[in-house]
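The following paragraphs guide a reader through a structure, one region at a time. Please keep the sequence and the three-dimensional view at hand while reading.

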Amino acid sequence: MNSKPSTSNHRCRFCSTELEHVLCDLGLSPISNAFVRADRLAEPELFFPLRVFICHICWLVQLPEHKSPGQIFDHDYAYFSSYSQSWLAHARDYTDAMIDRWGLDAGSLVVEIASNDGYLLQYFKQRGVPVLGIEPAGGCATVARSKGIETEGKFFGVSIARELAAAGRQADLLLGNNVLAHVPDLNDFVAGLPILLKPGGVVTMEFPHLLNLIRHNQFDTIYHEHYSYLSLLAVERVFAAHGMVLFDVQELQTHGGSLRVFARHTADASKPVKPAVEALRAIEISLGLQNLEVYQAFGERVRESKFKLLEFLIRAVREGKKVWGYGAPAKGNTLLNYCGIRTDLIEATVDRSPHKQGMFLPGTHIPVLDPESIALARPDYLMILPWNLQDEIVAQMAHIRDWGGKFVIPIPEVRVLI
Ligand SMILES: [Zn+2]
């Protein structure tokens, strides 16, 4: 089904080849962070296609753009990084590692692209390293500034990179966590990096690894704000086209398996390419990331995973069990909308972020409550939507076992934790 050439009229956002091959089609879905207020439940919502393509020339897996980023990352944007404890620990460890490895001090400048509410830069600031954030979401930028973190309220690209470089503000360390995959104009974004980077400086970028999406069936990490699904092979190619070399790579456990790549100017000979880069490149090739059939088999697995989840939920509800969700992440909204799961199957979900509590999930209108309400409702099953935070959530919510409650993980296939 997916092997038929499509007449998509979409072109690859990196190499402009016409996109002919569909990786998977999750139907129509609302923007995942468009939480609905109680007084707007009766109003219409916008749904957009979630159809992912693979470019057979550069192997960039991508979702065509349907909405301008200004519409997605507006003031209602509900994601505040600081509400996840494990993400904060990750940010602190990164800070310590980078200060040690690159000898950053009071004379350096660390610039973070998509700095959110300052969740990461606060740790550099605490250690006396000057910082600058770049964050277009107004609510997040305001919170960051209130913490004393200077923040440019703009989208990153060539234009702001030139502005800052002209003002003498080039970065010794230029980083972006979970932003590279989220930029619609990939070429403008990556072209800005070597401009803002000081000669001899280092770029680090973290992004979910395409290999894990394919291998572990993480189709719920597909959502509209997530434009590119990145392999080392594809990122190397994009960076090389803009005058940068990836000289190191680390595999991380965050977001179900991410890569942290280290890049420098192509001309900077002071940092030789580490063997880890060649090793991972070889793994990606051997597992088929340059083979269309490997991508096409994924679509079938996604459908099967939906059927199994629905079978589980329908059986549970027919048996009179109460099912709740835990968390209200973007990936949860993809999963619930694709599978058509509403309050008939999952009564409610909870989230620690006060910005989401009292709202309703987009499309499915499942209410988002305070985690405290779980102890009152005593659900039989608690389905963990941000499964990448599974260990943290199971530890926090261990008390559900007092009334026989069980944790359910939906991905790669539904399973109940014993
Ligand atoms: Zn391409």
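Is Ser373 buried or exposed? The model under discussion is a predicted one, and in it Ser373 has a relative accessible area of 17%. Because buried means under 20% relative accessible area, Ser373 counts as buried. This serine belongs to helix α12, which covers residues 373-377. When residues up to four places away in sequence are left aside, Ser373 touches Trp324 and Val350.

Asp100 has a relative accessible area of 60%. The limit for an exposed residue is over 50%, and Asp100 is therefore exposed. Along the chain, Asp100 and Ile160 are 60 residues apart, and a separation of 29 Å lies between their C-alpha atoms.

The metal site may be considered next. Which residues coordinate the zinc ion? The ligands are Cys12, Cys15, Cys55 and Cys58, each through its SG atom, at 2.3 Å. In sequence, these donor residues follow the spacing C-x2-C-x39-C-x2-C. The angles subtended by the four donor atoms around the zinc ion run from 101 to 120 degrees, and the arrangement is therefore tetrahedral. For comparison, the ideal angle for four tetrahedral donors is 109.5 degrees.

Attention now turns to the backbone. Trp59 has a positive phi of about 65 degrees, although this residue is not a glycine. Trp59 is placed in the loop between β2 (47-54) and β3 (61-62), and is buried with a relative accessible area of 12%. Asn116, also not a glycine, has a positive phi of about 55 degrees. The loop that holds Asn116 runs between β4 (110-113) and α3 (121-126). With a relative accessible area of 6%, Asn116 is buried. Another backbone feature is the peptide bond from Ile411 to Pro412, which is cis, with omega near 0 degrees. Pro412 sits in the loop between β16 (406-409) and β17 (415-416).

Two packed helices are described by the angle between their axes and the distance between the axes. For helix α5 (residues 158-166) and helix α6 (residues 186-196), the angle is about 10 degrees and the axes are 8 Å apart. These two helices are therefore roughly parallel to each other. On the α5 side, Val158, Ala161, Arg162, Leu164 and Ala165 take part, and they meet Asp188, Ala191, Gly192, Ile195 and Leu196 of α6. Sorted by class, this contact of α5 with α6 contains seven nonpolar residues, one polar residue and two charged residues.

How do helix α8 and helix α9 pack, and at what angle? Helix α8 (residues 232-241) meets helix α9 (residues 275-286) at an angle of about 125 degrees, with the axes 9 Å apart. That angle makes α8 oblique to α9. Leu232, Leu233 and Glu236 of α8 form the contact with Val277, Leu280, Arg281, Glu284 and Ile285 of α9. By class, the contact of α8 with α9 has five nonpolar and three charged residues, and no polar ones.

Technical notes:
Residues numbered from 1 in each chain as written. Predicted model: local features only at pLDDT ≥ 70, side-chain atom pairs only at ≥ 80, totals over all residues. Heavy atoms only, no water. Donors = N, O, S within 2.8 Å, 3.2 Å for Na, K, Ca; no water. Tetrahedral: all angles 85-135°; square planar, octahedral: opposite > 155°, others 65-115°. Axes fitted to C-alpha atoms, helices over the stretch in contact; angles between N-to-C directions. Helix = DSSP H or I, 4+ residues; strand = E, 2+ residues; numbered from the N terminus. Parallel < 35°, antiparallel > 145°, perpendicular 65-115°, else oblique. Contact = heavy atoms within 4.5 Å. Nonpolar A, V, L, I, M, F, W, Y, C, P; charged D, E, K, R; others polar. Buried < 20%, exposed > 50% of the residue type's maximum accessible area, 1.4 Å probe, protein only.
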